[in-house]
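Subject: Handover of a protein structure

Dear colleague,

Please find below the structure that I am handing over to you, together with its sequence. I would be grateful if you kept it open while reading the notes that follow.

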Amino acid sequence: MKEFLRDYPLYREFKLSTQTDSDEIPFQNPYNFHEEGFDHWCENESSYKTFELTLNKPQQQGYGSVAFDHVFPEHFRNEKLDYCIPITARCVSCKDQEIEFLFHIWTKEKVDEEMVDVFIEKIGVYPEHKSKQDKDVSKYLDRESSNWFYKGSTLLDKGMGIGAFAYFRRIVEKELIGIIEDIKTLPDAQSSEIDSLLEEHVKNPKVSTIYSNIFEFLPHSLKSLGDNPIKLLYNLTSEGLHSLSEDECLGKAQGTQVLLSFVIRKMSEEHSEIKNLRNVIKSIK
């Protein structure tokens with residue numbers, strides 16, 4: 001639930017729970033959401049703080065004063081759970097900043113069947129979430145790519161997977177070889193081996209194996225995933241955009257955003273560390 005409240009964009013479904021007993025239908029009573037906590041950026045505190053979902057007074061009185069197994073007929077359609085509910089989230093620290101959510105809760109099967117999954121999606125959020133550009137990413141990318149990253153992140157927040165993925169694909173296609181060029185300058189990278197892979201790529205880019213073969217030559221910081229981040233980024237963009245559904249594009253866009261940010265951040269950290277060490281050495285000579 002915390003992941004859904006914190007990270008999920010509009011219209012992306014999240015499985016809340018599974019009904020295992022026909023007498024107990026999870027989340028058909030909105031009081032189940034009351035005081036659910038999650039981390040979110042608080043403008044008043046200028047930092048991430050805990051927010052809690054809070055039903056308003058009439059909602060608390062109506063939904064909180066009934067027996068746990070009380071059924072609300074208005075929350076069902078054709079014997080399936082299907083209703084919308086507005087709920088406010090309030091910052092626990094400043095007790096002032098609020099986020100207004102409109103949730104849609106539903107099941108895809110009739111609730112009298114066994115093992116029925118309950119789903120939720122956000123169909124409204126106010127104020128609208130604004131993407132905060134990672135400083136390392138903004139600093140590393142040129143103006144064009146940085147603008148694509150911002151647009152992709154904004155579309156991702158709105159649940160527009162195809163548009164978001166299209167922007168992130170552009171960035172990877174444009175920047176990936178340049179990223180590899182920069183990786184070879186890191187102190188822990190095996191630069192001569194990476195140079196050889198780059199030379200082979202320049203000679204025949206269409207059959208290049210640089211993305212698959214680079215992992216063993218990467219610095220330890222980029223091996224920490226236990227997988228090849230360069231190959232993963234390349235593979236994310238190798239499939240045709242129009243062969244993917246909106247949900248598939250949404251998942252790939254999120255993966256590309258997170259992975260690209262990770263690689264750039266690790267490179268920036270190592271470059272910063274080198275710069276700081278050089279300044280220390282210079283000061284003690």
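This is a predicted model: local features need pLDDT of at least 70, side-chain atom pairs count only at pLDDT 80 or more; totals for chains, interfaces and linings use all residues.

**Overall form**

The secondary structure comes to 10 helices and seven strands. The protein has 285 residues and a radius of gyration of 24 Å, whereas a compact globule of that length would have one near 19 Å. Along the principal axes, the C-alpha atoms fill a box of roughly 70 × 50 × 30 Å.

Of the 285 residues, 40% count as buried. The accessible surface comes to about 16,200 Å², and 48% of this area belongs to carbon and sulfur atoms.

**Aromatic rings**

A pair of aromatic rings is described by two values, the distance of the centres and the angle of the planes. The structure holds 14 aromatic pairs. One of them joins Phe27 and Phe33: the ring centres lie 5.0 Å apart and the planes meet at 40°, so this pair is tilted. Both Phe27 and Phe33 are buried.

A second example is the pair of Tyr63 and Phe72, with centres 5.1 Å apart; the planes stand at 70°, so the arrangement is edge-to-face. The cut-off behind this name is an angle over 60 degrees. Tyr63 counts as buried at 16% relative accessibility, and Phe72 is buried as well, with a relative accessible area of 7%.

Which residues form one aromatic cluster? They are Phe4, Tyr8, Phe14, Phe27, Phe33, Phe38, Phe51, Phe101 and Phe103. The tilted pair described above, Phe27 and Phe33, therefore belongs to this cluster.

Charged side chains also meet aromatic rings in this model. Lys122 lies over the face of Phe4, at 5.2 Å from the ring centre, and Phe4 is itself one of the cluster residues. In another place, the charged end of Arg170 sits over the ring of Trp148, 5.4 Å from the centre of that ring.

**Salt bridges**

Side chains of opposite charge can pair when their charged atoms come close. The structure holds 13 salt bridges, and I describe some of them here.

Arg6 forms a salt bridge with Asp7, and their closest N and O atoms are 2.8 Å apart. Arg6 is partly exposed, with a relative accessible area of 41%, and Asp7 is partly exposed with a value of 41%.

Lys108 forms a salt bridge with Glu13, with 3.1 Å between the closest N and O atoms. Lys108 lies in the loop between strand S6 (98–107) and strand S7 (116–126), while Glu13 lies in the loop between helix H1 (2–7) and strand S1 (14–19), so the pair ties together parts that are 95 residues apart in sequence. Lys108 is partly exposed at 41%, and Glu13 counts as partly exposed at 35% relative accessibility.

The side chains of Glu98 and Arg90 also meet in a salt bridge, at 2.6 Å from N to O. Glu98 is partly exposed, with a relative accessible area of 31%, and Arg90 is partly exposed, with 28%. Elsewhere, salt bridges that share partners join Asp142, Glu144, Lys174 and Glu175 into one network.

Is Gly159 buried or exposed? At 13% relative accessibility, Gly159 counts as buried, the cut-off for that word being under 20%. Gly159 lies in the loop between helix H4 (143–157) and helix H5 (161–183). Its C-alpha atom is separated by 6.3 Å from that of Arg12, although these two residues are 147 residues apart along the chain. Leaving aside neighbours within four places in sequence, Gly159 is in contact with Pro9, Leu10, Glu246 and Leu250.

Asn44 lies in the loop between strand S2 (37–42) and strand S3 (47–54). Asn44 is partly exposed, with a relative accessible area of 47%. Not counting residues up to four places away in sequence, Asn44 touches Cys94, Asp96 and Gln97. The C-alpha atoms of Asn44 and Lys139, which are 95 residues apart along the chain, are separated by 26 Å.

With kind regards

Technical notes
Residues are numbered from 1 along each chain as its sequence is written. Side-chain values use heavy atoms; hydrogens and water are left out. Rings of Phe, Tyr and Trp (its six-membered ring) pair if their centres lie within 6.5 Å; planes under 30 degrees apart count as stacked, over 60 as edge-to-face and the rest as tilted. Buried means under 20% relative accessible area, exposed over 50%, partly exposed in between (1.4 Å probe, protein chains only). A charge sits over a ring if NZ of Lys or CZ of Arg is within 6 Å of the ring centre and within 35 degrees of the ring normal. Helices (H or I, at least four residues) and strands (E, at least two) are DSSP runs, numbered from the N terminus. The radius of gyration is taken over C-alpha atoms; the globule rule is 2.2 Å times the number of residues to the power 0.38. Accessible areas come from the Shrake-Rupley method with a 1.4 Å probe; for residues, only the protein chains shown count as cover. A salt bridge is a side-chain nitrogen of Lys or Arg within 4 Å of a carboxyl oxygen of Asp or Glu. Contact means heavy atoms within 4.5 Å.
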